[in-house]
Amino acid sequence: MEALVLEQKGVLALRDIDLPADIGPDDVKIRIHTVGICGSDVHYYTHGAIGPFVLREPMVLGHEAAGTIVEIGSNVKGLVPGDRVCMEPGIPNLSSRASKLGIYNVDPDVRFWATPPVHGVLTPSVVHPAAFTYKLPDNVSFAEGAMVEPFAIGMQAAARARISPGDVAVVVGCGPIGIMVALAALAGGCASVYVSDFSAEKLEIAGRYPGIIPVNIGEQSLNDVVQAGTDGWGADIVFEASGSAKAYAGLFDLVRPGGAVVLVGLPVQPVSFDVSGAIAREVRIETVFRYANIFDRALQLIASGKVDLKPLITQTFDFAESIAAFERAAAARPTDVKLQIRMPVGGN
Ligand code: ZN
């Protein structure tokens, strides 16, 4: 089957590759329609590894996907051929202790698309467990369906934060995930969300959403802005979504006594932070790794119109232009939020 294959660091090819096509009793086969390009896909392309996950053999990229069911296994209920769906890219061992606890995202045996050695889905079709395949509401397009995966990370962050109605939040970092976190926090009840970055272009895009207050940290101190906006009390919740070690300097100054700091961005290096300062104000620290039990609710929010992810899809490429799409994504233009690739099938 033709696929976008990362041959080795920096080398992509659109070529035929053998992929598992056998459908088990609990699986569905999906014809892929749209795949979003994630920062992690780009990182494998440019660096050949993320932390302990090292590319050793050619791997198909892509894990943010939506498509149409073309075949179902004999045990599958609730899904039929023709259903438009999006897929959760992590496949846990359902009998693991983590799965039984409902935290299947941290199952040590999880197999995650486009994470070596597991192939991704930039290919015309894929076989996937029905349990991790979600029907798209009629008013949710394939393009939006392919946004559910990154949005689910924002939703997981909002859920970990335990937002109370009217909370004021800060999101450090205005990349796609930072924006998703801010939108999920607003949908979860935050009154306003300060989003910080150095990039005026990124902040301009985020600032179009009501409730998001962009803060350009090249021009202003984030802490000054947050303290001024909260009468010196601090934000109820601070989300770290930049993954930058530098962001940890002063991170805990932003949060109010008894507030929460939610760590979403993955720093490449170990970072140090002000533990005493955090303890002195009894700050609750939460971490976010992917998501669990989120996709259904993410789809409900998108279908309700409360969260509109469409403005974040800044460019769509045909499958035949996949390599150009990845070069564009690797260039990291500040006006690009989410780039998507569309397979050569019709429909929306
Ligand atoms: Zn992703």
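Which residues are the protein donors of the zinc ion? The legends below begin with that site. The model is predicted, so local features need pLDDT of at least 70 and side-chain atom pairs count only at pLDDT 80 or more, whereas totals for chains, interfaces and linings use all residues. Residues are numbered from 1 along each chain as its sequence is written, and side-chain values use heavy atoms, with hydrogens and water left out.

**View 1. The zinc site.** The zinc ion has as its protein donors Cys-38 through SG, His-63 through NE2, and Glu-64 and Glu-149 through OE, at 2.2 to 2.8 Å. Donors are N, O and S atoms within 2.8 Å of the metal (3.2 Å for Na, K and Ca); water is not among the atoms, so sites may look incomplete. Along the sequence, the spacing of the donor residues is C-x24-H-E-x84-E. The arrangement is irregular because the 4 donor atoms subtend angles of 80 to 166° around the zinc ion. Four donors count as tetrahedral if all angles lie between 85 and 135 degrees; four count as square planar and six as octahedral if opposite donors are over 155 degrees apart and all others between 65 and 115; anything else is irregular. Both His-63 and Glu-64 are buried, where buried means under 20% relative accessible area, exposed over 50%, and partly exposed in between (1.4 Å probe, protein chains only). Cys-38 counts as buried at 18% relative accessibility.

View 2. Helices (H or I, at least four residues) and strands (E, at least two) are DSSP runs, numbered from the N terminus, and two strands pair if DSSP finds at least two bridges between them. Between β1 (residues 2–8) and β2 there are 6 bridges in the antiparallel sense. Val-5 has Ala-13 in β2 as its bridge partner. Contact means heavy atoms within 4.5 Å; axes are lines fitted to C-alpha atoms, for helices over the stretch in contact, and angles run from 0 to 180 degrees between N-to-C directions.

**View 3. The loop between β10 and β11.** Pro-117 is found in the loop that lies between β10 (111–112) and β11 (125–129). A cis peptide bond, with omega of about 5°, joins Pro-116 and Pro-117. The loop between β10 and β11 also holds Ala-114. Although Ala-114 is not a glycine, its phi is positive, about 60°. Ala-114 counts as buried, at 1% relative accessibility.

**View 4. The loop between α10 and β20.** Ala-332 is placed in the loop between α10 and β20 (338–342). Its phi is positive, near 50°, in a residue other than glycine. Ala-332 is exposed, with 55% relative accessible area. Thr-335 is found in the loop between α10 and β20 and counts as partly exposed at 43% relative accessibility. Not counting residues up to four places away in sequence, Thr-335 touches Glu-201, Ile-205 and Thr-314. The C-alpha atoms of Thr-335 and Glu-204 are separated by 9.0 Å, although these residues are 131 residues apart along the chain.

View 5. Strand β7 (residues 64–72) is joined to β8 by 3 bridges, and the two run antiparallel. Ala-66 stands opposite Cys-86 in β8. Strand β8 pairs with β12 over 3 bridges, again in the antiparallel sense, and Met-87 stands opposite Thr-133 in β12. In helix α9 (residues 295–304), the residues Phe-295, Ala-298, Leu-299, Leu-301, Ile-302 and Ala-303 are buried. The buried residues of α9 pack against β8 (84–87), β12 (133–135), α3 (142–145), α4 (148–161) and α5 (176–187).

**View 6. Surroundings of Ser-196.** Ser-196 lies in strand β14 (residues 192–197) and counts as buried at 1% relative accessibility. Among the residues that Ser-196 touches, not counting those up to four places away in sequence, are Val-171, Val-172, Gly-173, Cys-174 and Leu-203. Cys-174 counts as buried at 2% relative accessibility.
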